[in-house]
Protein chains: 2
Amino acid sequence: MKELNVGVLGATGAVGQEMLKILAERNFPVKSLRPLASARSAGKMIRFKGEDVPIAEAREDAFKGLDLVLGAAENDIAQRFAPHIQEAGAVFVDNSSAFRLREDVPLIVPEINPEDAKWHKGIIANPNCTTIVTLVAVAPLAKVSPIETMIASSYQAVSGAGVAGMRELEEEIEAGLKGEPYAPKAFAHPIAYNVIPQIGSEQYLGYTSEEMKMQNEGRKILHLPDMQVSCTCVRVPVLRSHSVSVVLRTREKITVDQARALIAAAPGCKLVDDLTNKVYPMPLDTSDQDLVFVGRIREDLTSDRGLNLWCCGDQIRKGAATNAVQIAELLL
Amino acid sequence: MKELNVGVLGATGAVGQEMLKILAERNFPVKSLRPLASARSAGKMIRFKGEDVPIAEAREDAFKGLDLVLGAAENDIAQRFAPHIQEAGAVFVDNSSAFRLREDVPLIVPEINPEDAKWHKGIIANPNCTTIVTLVAVAPLAKVSPIETMIASSYQAVSGAGVAGMRELEEEIEAGLKGEPYAPKAFAHPIAYNVIPQIGSEQYLGYTSEEMKMQNEGRKILHLPDMQVSCTCVRVPVLRSHSVSVVLRTREKITVDQARALIAAAPGCKLVDDLTNKVYPMPLDTSDQDLVFVGRIREDLTSDRGLNLWCCGDQIRKGAATNAVQIAELLL
């Protein structure tokens with residue numbers, strides 16, 4: 001198998017570090033690894049497959065000789081370096097939202113639309129984490145009958161705000177136990193013992209940018225340009241797995257038994273659905289692994305073509321790093 | 001004003017203790033107070049208006065001379081004592097779910113259907129906490145145009161499992177910080193850093209008893225016998241305020257501006273809706289007070305007669321104790 005020279009842009013963040021872990025775990029054919037980060041981290045060492053690899057500064061000329069760059073940085077960084085990554089001849093698999101809706105950029109969940117990798121022009125986008133978790137759960141149903149509408153409420157882990165988000169929840173809880181004040185930095189409000197019904201900034205008719213991603217990215221990934229999605233994204237005091245409560249309506253009726261069978265057979269999904277025995281997906285059980293757990297499947301009581309379900313998946317892994325490495329695997 | 005001899009059944013629980021606090025706070029005309037609890041607590045003292053009042057054992061003959069009994073006990077206790085409360089000539093305002101759907105028992109949220117108190121026959125039921133919080137938010141809209149369907153996902157505080165639930169979250173977090181194991185008792189699964197998508201037991205087509213309450217109790221309170229509700233109830237690591245993400249469809253379209261004006265003017269509601277400035281209802285801000293905060297009001301993107309909103313209210317107060325005392329005030 002061909003071996004690639006691989007760069008990871010934003011290698012010191014939560015997603016970047018997980019990408020290194022997953023490249024090793026999945027035995028991705030890495031000829032050489034080039035971790036890239038800000039000047040602050042340049043020169044430090046980072047572990048990869050038991051060896052210390054020096055971190056290089058992310059600069060415009062830092063991509064020469066690379067075949068593949070996995071992007072784990074913010075939009076502005078991704079936008080700044082994308083032309084230079086392309087100039088260097090590397091394929092850019094980017095986790096930021098900067099390119100996701102561009103017509104010349106495929107947006108891929110490998111279990112759902114791997115064929116879209118074929119028409120890439122140097123950039124492939126990795127979808128939003130909550131969108132990935134939800135779509136892995138509902139795509140097996142959409143393949144049988146198109147999804148017309150979806151109403152989703154999310155329960156999103158603090159890892160969505162990176163290492164800083166996870167540290168903040170832990171520090172805030174410890175400060176509370178000591179009776180000390182704590183000023184939130186990663187989030188706009190306290191997250192310990194609280195939930196915050198805003199993720200992202202105001203974007204469209206009172207919906208946030210995060211909430212609109214499920215409709216906009218979902219349409220592109222599922223090839224359902226008319227799918228309508230009303231989403232409410234909420235941060236909860238959970239460390240790293242996102243959960244989503246979904247009510248979807250398909251063009252034709254899908255029964256609960258059909259849905260269970262479809263999800264049980266679908267790649268990337270694990271059916272975890274036995275309410276009688278208190279068995280259903282939960283964040284603690286779905287952290288640090290790659291499957292999306294799906295349960296609480298039942299008929300929507302407000303429609304004769306609706307289904308209600310609950311899904312959970314690790315935001316850093318399947319919601320970001322694993323999905324990006326899976327996309328890279330499509331390119332081999 | 002007439003003064004009443006008041007009993008509180010289950011006076012030592014989270015809701016019972018809050019009832020005592022609220023009777024005092026609202027200056028309810030209490031001639032005498034009789035706190036009732038299990039034999040284990042009998043004889044102990046409980047504070048009311050700065051005085052120590054002895055707890056009496058809840059027995060069949062314990063209700064003589066009372067005019068009003070506020071029930072804060074489980075269904076089996078409520079059912080066992082209801083006939084004896086009625087025999088004693090007292091009105092029973094009960095917070096359990098035992099009598100809520102009985103045709104001869106009014107089910108009341110005083111801001112919504114106070115007129116139903118008129119036809120009581122000795123028992124008035126206090127609705128489920130999540131149902132109260134949600135209905136206070138949506139009733140102002142339902143008065144303008146009937147709600148046809150409602151899809152709700154809840155974010156419910158551990159106080160719903162009483163004092164034991166609150167203690168469990170705190171103990172579990174402390175055990176985690178010390179690296180000690182912790183065996184959940186109040187909940188079926190760990191709740192620290194987790195969310196649990198089951199409240200109540202399996203009841204109907206895969207929905208739990210808690211989830212069906214919003215439809216069954218909602219229909220009765222709003223006088224909308226055909227309203228269809230799909231609900232997903234989820235426990236989150238929050239101490240005492242419940243939040244609900246709601247998408248409702250009305251018979252006629254209600255605009256976002258109309259909805260905001262209706263909610264701002266409605267009794268029991270506080271409009272807290274300014275996403276631009278990161279202002280919306282949150283559990284920490286709504287605990288230990290009586291209003292239901294409503295925000296994130298926007299058009300449902302899946303329907304032309306739908307609205308999306310987010311509401312929070314204190315589960316122990318407006319969700320239970322305050323609502324019960326407000327019902328008692330209707331009887332004066």
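Author: Let us begin with the domains: their bounds come from an automatic or database domain assignment. In this predicted model, the C-alpha centres of domain 1 of chain A and domain 2 of chain A lie 25 Å apart.

Reader: Which residues does the domain assignment of chain A give to each domain?

Author: Domain 1 takes 4-127 + 320-331, and domain 2 takes 131-315. The contact draws 13 residues from domain 1 of chain A and 18 residues from domain 2 of chain A. On the domain 1 side, helix H8 (residues 317-331) of chain A gives the most, with three residues. By class, that side of domain 1 has seven nonpolar, four polar and two charged residues.

Reader: How confident is the predictor in chain A, as judged by its mean pLDDT?

Author: The scale runs from 0 to 100, and the mean pLDDT of chain A is 97. Moreover, 100% of the residues of chain A reach 70 or more. For the model, ipTM is 0.97 and pTM is 0.97.

Reader: Why is H3(B) called roughly perpendicular to H8(B)?

Author: Two packed helices are described by the angle between their axes and the distance between the axes. For helix H3 (residues 129-142) and helix H8 (residues 317-331) of chain B, the angle is about 90° and the axes are 8 Å apart. Angles of 65 to 115 degrees count as roughly perpendicular, so H3(B) is roughly perpendicular to H8(B).

Reader: Which residues make that contact between H3(B) and H8(B)?

Author: H3(B) contributes Cys129(B), Ile132(B) and Val133(B), while H8(B) contributes Lys318(B), Gly319(B), Ala320(B) and Asn323(B). The classes represented in this contact are four nonpolar, two polar and one charged residues. Gly counts as polar, and Gly319(B) is one of the contact residues of H8(B).

Reader: What makes E3(A) and E4(A) a pair of strands?

Author: Pairing requires at least two bridges. Strand E3 (residues 45-48) and strand E4 (residues 51-54) of chain A have four bridges, in the antiparallel sense; therefore they count as paired. Met45(A) stands opposite Pro54(A) in E4(A). The hairpin has two residues between the strands, and Lys49(A) takes a positive phi near 50° there.

Reader: Why are strand E12 and strand E14 of chain A said to stand at the edges?

Author: The open sheet of chain A has six strands in the order E12-E9-E13-E16-E15-E14, with mixed pairing. Strand E12 (228-232) and strand E14 (269-271) of chain A each have a single partner strand, so one side of each is left without a neighbour in the sheet. From one strand to the next, the twist averages 25°.

Reader: How many bridges join E13 to E16 in chain A?

Author: Strand E13 (residues 241-250) and strand E16 (residues 306-314) of chain A run antiparallel and are joined by nine bridges. Val246(A), for its part, stands opposite Leu309(A) in E16(A).

Reader: Across which strands does helix H6 of chain A lie, and what angle does H6 make with E15(A)?

Author: Helix H6 (residues 256-265) of chain A lies across E14, strand E15 (292-299) and E16, at about 170° to E15(A).

Reader: What is the corresponding sheet of chain B?

Author: In chain B, six strands form an open sheet in the order E12-E9-E13-E16-E15-E14, with mixed pairing. E12 and strand E14 (269-271) of chain B are the edge strands, each pairing on one side only. E9(B) and E12(B) run parallel and are joined by five bridges. Ile151(B) has Ser230(B) in E12(B) as its bridge partner. Helix H5 (residues 209-222) of chain B lies across E9 and E12, running at about 145° to E12(B).

Reader: How many residues does each chain bring to the contact between chain B and chain A?

Author: Chain B brings 48 residues and chain A brings 48 residues. Among the elements of chain B that each supply at least two residues to this side are strand E9 (147-155), helix H4 (162-177) and strand E13 (241-250). By class, the side of chain B that touches chain A has 26 nonpolar, 15 polar and seven charged residues.

How values were computed: Residues numbered from 1 in each chain as written. Chains lettered and ligands numbered in written order. Predicted model: local features only at pLDDT ≥ 70, side-chain atom pairs only at ≥ 80, totals over all residues. Axes fitted to C-alpha atoms, helices over the stretch in contact; angles between N-to-C directions. Parallel < 35°, antiparallel > 145°, perpendicular 65-115°, else oblique. Contact = placed C-beta atoms within 7 Å.
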